[in-house]
Amino acid sequence: MAENTDRYSGTKQKSPRRLHTAAGKFAPDYQEEPKRLRTMRLTDTAWAKLAQIADRNQITRSEVIEIFARDGELY
């Protein structure tokens, strides 16, 4: 019998969540700008590197991409 692998294994290790407001909602970032859901096709290596950077900075992979797109720096 073949080994059962999780097809969602890329989402097993979730990034830490942002802090909530007293009302239990996420504190909004970039309030003046609308957000639209977009998809990005990256290699597994690229996603892994983004996850490492996000983990080091205690932010999400999406936030890493947003910072890079705005010419920000992360270490």
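Glutamate 63 counts as buried, at 15% relative accessibility, where buried means under 20% relative accessible area, exposed over 50% and partly exposed in between, with a 1.4 Å probe and protein chains only. This is a predicted model, in which local features need pLDDT of at least 70 and side-chain atom pairs count only at pLDDT 80 or more, while totals for chains, interfaces and linings use all residues. Residues are numbered from 1 along each chain as its sequence is written, and side-chain values use heavy atoms, with hydrogens and water left out. The chain holds two helices and zero strands, taken as DSSP runs (H or I of at least four residues for helices, E of at least two for strands) numbered from the N terminus.

**The chain as a whole**

- Of the 75 residues in the chain, 8% are buried.
- Among the contacts in the chain with a separation of 6 or more, 30% are accounted for by residues 24 or more positions apart, a contact being heavy atoms within 4.5 Å.

- Helix α1 covers residues 44–57, a run of 14 residues, and it reaches 20 Å from its first C-alpha to its last, close to the 20 Å expected at 1.5 Å a residue; the expected span is 1.5 Å times one less than the number of residues.
- Leu50, Ile53 and Ala54 are the buried residues of α1, and, seen down the helix axis, the buried residues fall within an arc of 100 degrees, so they line one face of the helix; the arc is that of the directions from the axis to the C-beta atoms.
- An α-helix has 3.6 residues a turn, so residues three or four places apart point the same way.
- Asp44, Thr45, Asp55 and Arg56 lie on the other side of α1 and are exposed.

**Packing and the nonpolar core**

- Helix α2 (61–69) is included in what covers the buried residues of α1.
- Leu50, Ile53, Ala54, Ile59 and Val64 form the largest nonpolar core, which has five residues; such a core is a set of buried Ala, Val, Leu, Ile, Met, Phe, Trp, Tyr and Cys residues joined through side-chain atoms within 4.5 Å.
- Helix α1 gives the most to this core, with three residues.
- When residues up to four places away in sequence are not counted, isoleucine 53 touches Val64, Phe68 and Leu74.

- Glutamine 58 follows α1 and is found in the loop between α1 and α2; its phi is near 55 degrees, a positive value in a residue other than glycine.
- With a relative accessible area of 63%, glutamine 58 is exposed.
- Aspartate 71, which lies in the segment after α2, has a positive phi of about 60 degrees although it is not a glycine.
- Aspartate 71 is exposed, and its relative accessible area is 70%.
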